[in-house]
Amino acid sequence: MRILAPWRLCQMAVVVFISLLTAMRFAGEGKSADCDNEVRVNQIQVIGSHNSYHAGLGPHEMEFLRARNPKAADALSYSHPALEQQFNDGVRQIELDIYADSKGGLYSHPAWPKMMADAGIAHDPDFDPQHLFDKPGFKVMHIQDLDYRSNCQPFIGCLQTVRRWSKAHPGHLPIFILIETKESREHPEFMTTPEAFTPQVFDALDAEIRSVFSDDELVTPDQVRGARSTLEEAVLKDGWPCLKRSLGKVVFLMDQRKVGPIYTQDHPALRHRVIFTNARPGEPDAAFVEVNDSQHDAPAIPDLIKKGYIVRTRADADLQQGRPNGLAVRDAALASGAQLVSTDFPFMEKSPEGYGVQFPQGGVSRCNPVNAPANCNAGALQGHEEKPSAADSANMRR
């Protein structure tokens, strides 16, 4: 029998001790004695912006598109202010569409300006004056070669913007960042073929996120899972972390369900991953679920919330509910209890018709109408945030 040296035994004991401490820490994040009577992350409701990065087409680009496809032009006729401004206005969930560009330069020369020049249409200002698209890394945009202007760039730059705002507003409610991975090519005749999202590309995505945020600044799948074997078991039996422990933190969520199996490859139940996948209930990585049609799928949302999942739904889509007849969809989304209600028109960004999404009592958030505990206090949910007044926000926009 091999006898281990004393120093080796000591080293092994330290490793085991640290592992136990880590497991206890993660388990504590999910269910702890001092959290039993506290509001949890999944027991609030916040408003998010859809395609939060979207800066809109340039005026000449829009003119060219409208002449070719008026319906598409109408669908793209929206924009959002800078991410910092959206946070100041009360948005606590944003969406970033990303394209992989591991070598850099894949999207540096979009086709739309060349097509406009060939048609004799005046050009708009350069969309990338700093040549950020020439560098490796994930890019943020809506549609390659067509709708490529964003209010932050590249992806890591957007994350740095979020972190700066977060550090300037300690104690803010958790910010949820929904990631949509883009791989489609709607018009092969002129659009660039996107780089595929492979497990290795997802490794690079996690690395970019971790290069900006430390684990202490995130709510991660490992923290929520704790000592449980699956993430779903943890959220259904132990629950999400206490809200008070999650103030000032960021939560990453995956939009596309189809990429879940790729992202979880070699990472069962999202072990060592950063982003919560949009999984189906019953799957080991299920903790976050999208149910985007709050009217037709209305019964499903409260049931998912009562079980312990975090749900994202939409109050409007394709700018259509941004009309007076879209109020029923908005109201259904808010009443559903979905923790994240996404819209093209947060309250401070109303549509031309005056449509916007906000809570009846105003504020950044409210106690979840489906699963909030009886002792939930809507006023206390704001944490230590100091939200600018409507007048201040209006002045900041000028």
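Biologist: Why is Asp238 called buried?
Modeller: In this predicted model, Asp238 has a relative accessible area of 17%, and buried means under 20%, exposed over 50% and partly exposed in between, with a 1.4 Å probe and protein chains only, so Asp238 counts as buried. Residues are numbered from 1 along each chain as its sequence is written, and side-chain values use heavy atoms, with hydrogens and water left out. Because the model is predicted, local features need pLDDT of at least 70 and side-chain atom pairs count only at pLDDT 80 or more, whereas totals for chains, interfaces and linings use all residues.

Biologist: What makes the pair of Asp238 and Arg228 a salt bridge?
Modeller: Their side chains meet at 2.9 Å, N to O, and a salt bridge is a side-chain nitrogen of Lys or Arg within 4 Å of a carboxyl oxygen of Asp or Glu, so the pair qualifies. Asp238 sits in the loop between α9 (231–237) and β5 (250–254), and Arg228 in the loop between α8 (221–225) and α9, so the bridge ties together parts ten residues apart in sequence. Helices (H or I, at least four residues) and strands (E, at least two) are DSSP runs, numbered from the N terminus. Arg228, with a relative accessible area of 27%, is partly exposed. Salt bridges that share partners join Arg228, Glu233, Lys237 and Asp238 into one network.

Biologist: How do you know that Asp101 and Lys139 form a salt bridge, and which parts of the chain does the pair tie together?
Modeller: The distance between their side chains is 2.9 Å, N to O, which meets the cut-off. Asp101 is in the loop between β2 and α5 (111–118) and Lys139 in strand β3 (residues 139–140), so parts 38 residues apart in sequence are tied together. Asp101 has 3% relative accessibility and therefore counts as buried, and Lys139, at 1%, counts as buried too.

Biologist: How many salt bridges are there by this rule, and which strands does the pair of Glu95 and Arg312 link?
Modeller: The count comes to 20 salt bridges. Glu95 and Arg312 meet at 3.3 Å, N to O, and this pair links strand β2, which holds Glu95, with strand β7, which holds Arg312, across 217 residues. Both Glu95 and Arg312 are buried.

Biologist: Why are the buried residues of α11 said to line one face of the helix?
Modeller: In helix α11 (residues 300–307) the buried residues are Ile301, Leu304 and Ile305. Seen down the axis, they fall within an arc of 100°, taken over the directions from the helix axis to the C-beta atoms, so they line one face. These residues pack against β6 and β7, contact meaning heavy atoms within 4.5 Å. Just after α11, Gly308 takes a positive phi of about 130°.

Biologist: Why is Asn42 called buried, and which residues does Asn42 touch?
Modeller: Asn42 has a relative accessible area of 6%, which is under 20%, so Asn42 is buried. Asn42 lies in the loop between α1 (6–30) and β1 (44–49), and, not counting residues up to four places away in sequence, touches Trp240, Gly308, Ile310, Gln339, Asn368 and Asn371.

Biologist: What makes Ala287 count as buried, and where does Ala287 lie?
Modeller: Ala287 has 0% relative accessibility and so counts as buried, and its place is the loop between α10 (260–263) and β6. Ala287 and Glu233 are 54 residues apart in sequence and 8.9 Å apart in space, C-alpha to C-alpha. Among the residues that Ala287 touches are Trp240 and Ile310.
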